[in-house]
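Dear colleague,

Please find the structure below, followed by notes on what was found in it.

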Amino acid sequence: MQMATELDKPVSLQALADATGLIFDRTLLPEKVVGQAWLISKSRVVTLASSVSNYADAPWALIVKFPHPDLTYSSKTITLHPDFNKREARNYYLAQANVQLYQMPVLDNDIATITLDPELSAPTPDKVAELNRALSLPFAISNQDLSGVMRSGEAPNIIQSALMTGRSGLLTMVDSRNIPFARVAIKSGRLVKAIFEQLSNELAICELVWRKPAGNFVFQVQDQFHWPEIPEISVPTEQLATEAARRSQELPRVIEMLGGPETRFQRAAGQADFKEMNPQQRWVAERLWPCLDGFVPLSKLAERVPSDTYTILKTLWEMRGNGLVSVNTTAPFAMSGQLGPVLIPAQDLEVSIWDPLTAFYLDPCSGAPACEQGHFLGAGKVLQAKILVHNIPLPPHLHGAAVLKEGRLIGIHNGPFPLRPGQPPPPMPLYQMMWIGALNDLGAKRLRATTE
């Protein structure tokens, strides 16, 4: 990912950033980003249906934040494309109970609109409770399972309690909706495998101890989880627990010495050579380097770099000592209080194969504007003209990006283009987007006919 600096045609980077929002589920603590949105009228934004389909009957649960002008709106109504497969999206959501999922599926007719409301009245507790019940995953707990509430900071004690049972099984930690965020496999009193968010094994344990998440837990004797292909933990369990505790205790001092959790670092040089670092730090430094754009605060670097916070910040400390990075002392956002110009859907714009395209989005972690370049590659399906193909390289976990030609909105990126069984792989990665003309299907007349 590269931070955007300039667009190809009439719309400026700042104008696009001021018209792009991040969609949050405000009923969770902390609030969770569920998608991106682009302003297409004074009170309406377009987004992916797969981002908001769970909230179609509870739009009040969502807010849309425009970080650059510093404006926040509540969601008044959500309109999904009438042919969007809500059942398939729901099945994917429910599958989280047994499989570690990293990327949303690529679905057809993946487009929706949200009507914005400047009023930000707080939802009532009973409505939040009802939503949590509707979005809770089915989680079967037997009488022989060890389960209970996990308060902030109790993860090490719960892991130790599971180890002391002497049983082999799966320890799963879930949030208020029973969505797993950590899993630990235990065999004969030792840690075998672990997953916490995007991290695995030793790094996952260290980050879990540092983050101190709260929720619920269950230790099941039978391992029913389909583990990804990761090796077993090589460090002895007691040694790993000691190291995780040491890192957690040392981190507050490291963060303080770096300037505090909201400090933002930026690159002080165009190039950097990390050959003198040890292999582990070099691996982290090479992935940390492009993230130091002056937008990402220290507290969120672990969301961007596949390592634990301790290793990331110790690497950053060494990079600062070598003069490679500096603190960004300027405000990252303009905070003008004024939304950018409306992105008019370019439904009548002619697009030919190999026309240059630009994908624009805000980094979900920091709000930094970013863009990537690529080309249009034609229609994706013979009988589905709204699905278009492009080759713009975008982060694999990015859910949505505005695709523009000559600065005009022509589509919404929604993931890798799925190949048919037996189809040979193309010479380059292919991606799919929803043609912005699909908004015509969200008109009142079409929606009324679908409902009838």
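**Aromatic pairs and overall shape**

A search of the whole structure gives 4 aromatic pairs (rings of Phe, Tyr and Trp, the last by its six-membered ring, with centres within 6.5 Å; planes under 30 degrees apart are stacked, over 60 edge-to-face, the rest tilted). Phe66 and Tyr73 form an edge-to-face pair, because their ring centres are 5.9 Å apart and their planes stand at 90°. Phe66 is buried at 1% relative accessibility, and Tyr73 is buried at 16% (buried is under 20% relative accessible area, exposed over 50%, partly exposed in between, with a 1.4 Å probe and protein chains only).

The rings of Phe295 and Phe333 have centres 5.7 Å apart and planes at 55°, so this pair is tilted. The pair links distant parts of the chain, 38 residues apart: Phe295 lies in strand β14 (residues 293-297), and Phe333 in the loop between β15 (325-327) and β16 (356-362). Both Phe295 and Phe333 are buried.

This is a predicted model, in which local features need pLDDT of at least 70 and side-chain atom pairs count only at pLDDT 80 or more, while totals for chains, interfaces and linings use all residues. Residues are numbered from 1 along each chain as its sequence is written, and side-chain values use heavy atoms, without hydrogens and water.

As for the whole protein, 50% of its 452 residues count as buried. The C-alpha trace spans about 65 × 55 × 50 Å along its principal axes. Of the contacts (heavy atoms within 4.5 Å) between residues at least 6 apart in sequence, 71% join residues at least 24 apart.

Regards

Key
Helices (H or I, at least four residues) and strands (E, at least two) are DSSP runs, numbered from the N terminus.
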